Amino acid sequence: MMLPAVGFVAVMVIFPFGYALWLSLLDYKIGQTLTFVGIGNYKALLADEQFWNGLRLTFILYAGALVLQLVLGVALGLLLHRLETLKGLIRTVMVSPFMLPPVVVGMMSIVVLDPSMGVANYLLKSAGLPTSLFLASTDFVIFTVIMIDTWQWAPFVALIILGGLQSLPTRVYEAAAIDGAVGWRQFVYITLPLLGPTILTAAVLRSVDLLRFFDVIYITTQGGPGYATSTLNIYAYRKGFEFSDIGYASALMITLSTIVFGAVLVFAQLRRKVAW
Amino acid sequence: MRGVLGRFAMGVQIVILMIVLFAPIAWMIVSSFKSRVDITQYPPQLLFTPTLENYQQLFVRTDFLENTLNSFYVAAGSTLLGLALAVPAAFAISWHRMTWPATLTLFARMAPGTLFLLPWFIMFSNIGLSGTHAALIITHAVITLPIALWTMLPHFDGLPRELTESAQIDGCRSHQILLRIALPVVMPGLIVATILSFIFSWNYFLFALVLSGISSKTAIVASFNFIGEGVTNWGTLMAAATVIALPPIVLTFMIQRRLVSGLSFGAVKG
């Protein structure tokens, strides 16, 4: 009974992966003759300024959003854990952002964050704060994307953390209270270590999505202004579908996939270490 | 005293959190009812005469109704295909206590979607499927299959083994056991798997961006095109956003409690 599913994955996932690997060894541009270049595309990649730019942006986006979402997620999780009333309503509001289609989040961001007519800048100005070009600013756009993704996914991390907090053994807290561990000390020495596996689970789920983050970026900026949001995934897409450079785009995508799998393996190892 | 202050501080934090999370969504919905004049007002107005002209514009002047129907066909089709593949597989995986087929599907969850696009594009062109609903249903099933499989697994694992074993002794074949005995018991899980699959297929952007044709364009891709073409004003854009946001939000309400464990691929219970 597993056969249809395994067959489907083989045809739609494993075979295309092998095919992409093969394409990455070719010099294959639409409308030109096809030649085998071996690791030529990968060598070209190392000399490509936009590849390093993409790698840098991928890393900034990944590290920035991950840290922000984990810190906020833990803080919000602790807050929700103490909550006694209105749980249903608050949960409903919490899940809304991450169940919205990314294209909706993108359109909403374009309208709210518009530099001249958007309500965000109007509120900033009214509060006497500096305004921002947001998605139109070459320097700030990647942080705008981090902000948008954090708005959408920090609540998800918070709900995972909340699930973890609710399953912590209360005996440990009773024992710790007797030993005088309360407040901040209790959080650092007891809650945080016990939450370790839960936090890592959230980190793996967010890592996979953040490293290959595509939709909201492409919808709001298409990788621009210039190349200011052309992360590896976006850059690979642009190479493949805007410049029809299929071999080179495939090499970029294989490189990115390797990074994602690497990150997942590292987290899997870490998770084994913090298990209790 | 400390208790009262603490509660007050907590209330304030919760209110701020709710505003930050909900205000952009509310702004989107409110803007979709603003007239062409009201939406370009600066400073942005909160009080205005609501109008349905944006929705009218959207459904009369563009193909948005057809796009929405396409989205529905693709989401429903890929949900059914995903379930048809995933449910028997999850049952067998749970029964035989084998994990590798489940791990294999995680590969689809981890690899960047862009990786598959070029090979798929070439594959579908070769068999004449590019631009069809079928191509989108098949590719979206790559999203729905792992979701359905991992949502169903814990439910099948939770079945008492005596239940299925006694059916086996009575001479039931494995597909009969699945259909007649196991499925009715895991119905709640099946509902969650169906809803999650539908939402994720409905929301998915990248595959349809490249693989849909004029007649199979989804509402998600159509809205993305609205942004670039400039044929629509902000009000119509927000009307489109509100329409596509509606199905996932409504469906989410139905399975709230099980949502997070479903989305974490069994890593989180709750």
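How many residues does helix α6 of chain B have, and how far does it reach from its first C-alpha to its last? I looked it up: α6(B), residues 113-126, has 14 residues and reaches 20 Å, close to the 20 Å expected at 1.5 Å a residue. I took the expected span as 1.5 Å times one less than the number of residues. Helices are DSSP runs of H or I with at least four residues, strands are runs of E with at least two, and both are numbered from the N terminus.

**Ground rules.** This is a predicted model: local features need pLDDT of at least 70, side-chain atom pairs count only at pLDDT 80 or more, and totals for chains, interfaces and linings use all residues. Residues are numbered from 1 along each chain as its sequence is written, and chains are lettered from A in the order in which they are written.

**α6(B), continued.** I found a kink of about 30 degrees centred on B:Pro119. The bend is the angle between axes fitted to the seven residues ending at a residue and the seven starting there. B:Pro119 is also one of the buried residues of α6(B), as are B:Trp120 and B:Phe124. Buried needs 20 or more other C-beta atoms within 10 Å of a residue's own, exposed 12 or fewer, partly exposed in between, with C-beta atoms placed from the backbone. I then checked what covers the buried residues: the cover includes α1, α11 and α12 of chain A, together with α7 and α11 of chain B. Just after the helix, B:Gly128 takes a positive phi of about 70 degrees.

**Core.** The largest nonpolar core has 157 residues. Such a core is a set of buried Ala, Val, Leu, Ile, Met, Phe, Trp, Tyr and Cys residues joined through C-beta atoms within 7 Å. Among those with the most contacts inside it are A:Leu252 and B:Ala86. I followed B:Ala86. Leaving aside neighbours within four places in sequence, B:Ala86 is in contact (C-beta atoms, placed from the backbone, within 7 Å) with A:Ala5, B:Leu145, B:Ala148, B:Leu149 and B:Met152.

**Interface.** The contact takes 66 residues from chain A and 71 residues from chain B. On the side of chain A that touches chain B, α1(A) gives the most, with 12 residues. That side divides into 52 nonpolar, 10 polar and 4 charged residues.

**Chain A.** I noted 12 helices and 2 strands. Of its 276 residues, 44% count as buried. The C-alpha atoms fill a box of roughly 75 × 55 × 40 Å, taken along the principal axes.

Key
Two residues are in contact if their C-beta atoms, placed from the backbone, lie within 7 Å. Ala, Val, Leu, Ile, Met, Phe, Trp, Tyr, Cys and Pro count as nonpolar, Asp, Glu, Lys and Arg as charged, and the others, Gly among them, as polar.
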